[in-house]
Amino acid sequence: MPGLPVRWVDDVVAAVARRVVRPGEAVAESALNERLRMFVLDAAFFHRHAVDTGVLRRAPDGTRYELTED
């Protein structure tokens, strides 16, 4: 997203992640990508950025994602 403030991108990624994953839910990567694609074109960017910014936690084996605590 060229030209957009980084903080804005972080906020949008966090909002979308919180929209598609419920608190306490562990979501398989394929299901997460499917949910993200309802809102964004690049699901991989969104879930990676959500992990990088601490909104989502990825299981050590990479098979599932869950929200981190606020």
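1. The axes of helix 2 and helix 3 (residues 43-52) come within 9 Å of each other and cross at roughly 115°. Axes here are lines fitted to C-alpha atoms, for helices over the stretch in contact, and angles run from 0 to 180 degrees between N-to-C directions. Helix 2 is therefore roughly perpendicular to helix 3; angles under 35 degrees count as roughly parallel, over 145 as roughly antiparallel, 65 to 115 as roughly perpendicular and the rest as oblique. The crossing of the two helices is right-handed, a term used if the near helix is turned clockwise from the far one by less than a right angle, with anticlockwise giving left-handed. Helices (H or I, at least four residues) and strands (E, at least two) are DSSP runs, numbered from the N terminus.

2. A word on the model. It is predicted, with local features needing pLDDT of at least 70 and side-chain atom pairs counted only at pLDDT 80 or more, while totals for chains, interfaces and linings use all residues. Residues are numbered from 1 along each chain as its sequence is written, and side-chain values use heavy atoms, with hydrogens and water left out.

3. Which residues make the contact between helix 2 and helix 3? From helix 2 come Glu29, Leu32, Asn33 and Leu36, and they meet Ala43, Ala44, Phe46 and His47 of helix 3. Contact means heavy atoms within 4.5 Å. Sorted by class, this contact has five nonpolar, two polar and one charged residues. In this sorting Ala, Val, Leu, Ile, Met, Phe, Trp, Tyr, Cys and Pro are nonpolar, Asp, Glu, Lys and Arg are charged, and the others, Gly among them, are polar.

4. Histidine 47 lies in helix 3. Is histidine 47 buried or exposed? Its relative accessibility is 3%, so histidine 47 counts as buried. The cut-offs are under 20% relative accessible area for buried, over 50% for exposed, and in between for partly exposed (1.4 Å probe, protein chains only). Not counting residues up to four places away in sequence, histidine 47 touches Glu29, Leu32, Asn33, Leu36 and Tyr65.

5. Glutamate 29 belongs to helix 2 and is partly exposed, at 27% relative accessibility. With neighbours within four places in sequence set aside, glutamate 29 is in contact with His47, Arg58, Gly62, Thr63, Arg64 and Tyr65. Glutamate 29 and alanine 44 are 15 residues apart in sequence, and their C-alpha atoms are 9.5 Å apart in space.

6. Histidine 49 is also placed in helix 3. At 17% relative accessibility, histidine 49 counts as buried. Beyond four places in sequence, the contacts of histidine 49 are Val9, Asp10 and Val13. The C-alpha atoms of histidine 49 and aspartate 10 are 7.7 Å apart, although 39 residues separate the two in sequence.

7. How many salt bridges does the structure hold? There are four. A salt bridge is a side-chain nitrogen of Lys or Arg within 4 Å of a carboxyl oxygen of Asp or Glu. Side chains of opposite charge can pair when their charged atoms come close.

8. Arginine 22 is exposed at 55% relative accessibility, whereas glutamate 25 is buried, with a relative accessible area of 13%. Glutamate 25 also forms a salt bridge with arginine 35 (3.0 Å, N to O). This second pair links distant parts of the chain, ten residues apart: glutamate 25 sits in the loop between helix 1 (6-20) and strand 1 (27-28), and arginine 35 in helix 2 (residues 29-36). Arginine 35 is partly exposed at 24% relative accessibility.

9. Another salt bridge is made by the side chains of arginine 64 and aspartate 61 (3.6 Å, N to O). Arginine 64 is partly exposed, with a relative accessible area of 39%, and aspartate 61 is exposed at 52%. As for shared partners, salt bridges join Arg22, Glu25 and Arg35 into one network.

10. Arginine 37 is in the loop between helix 2 and helix 3. At 54% relative accessibility, arginine 37 counts as exposed. The C-alpha atoms of arginine 37 and alanine 59 are separated by 21 Å, the two residues being 22 residues apart along the chain.
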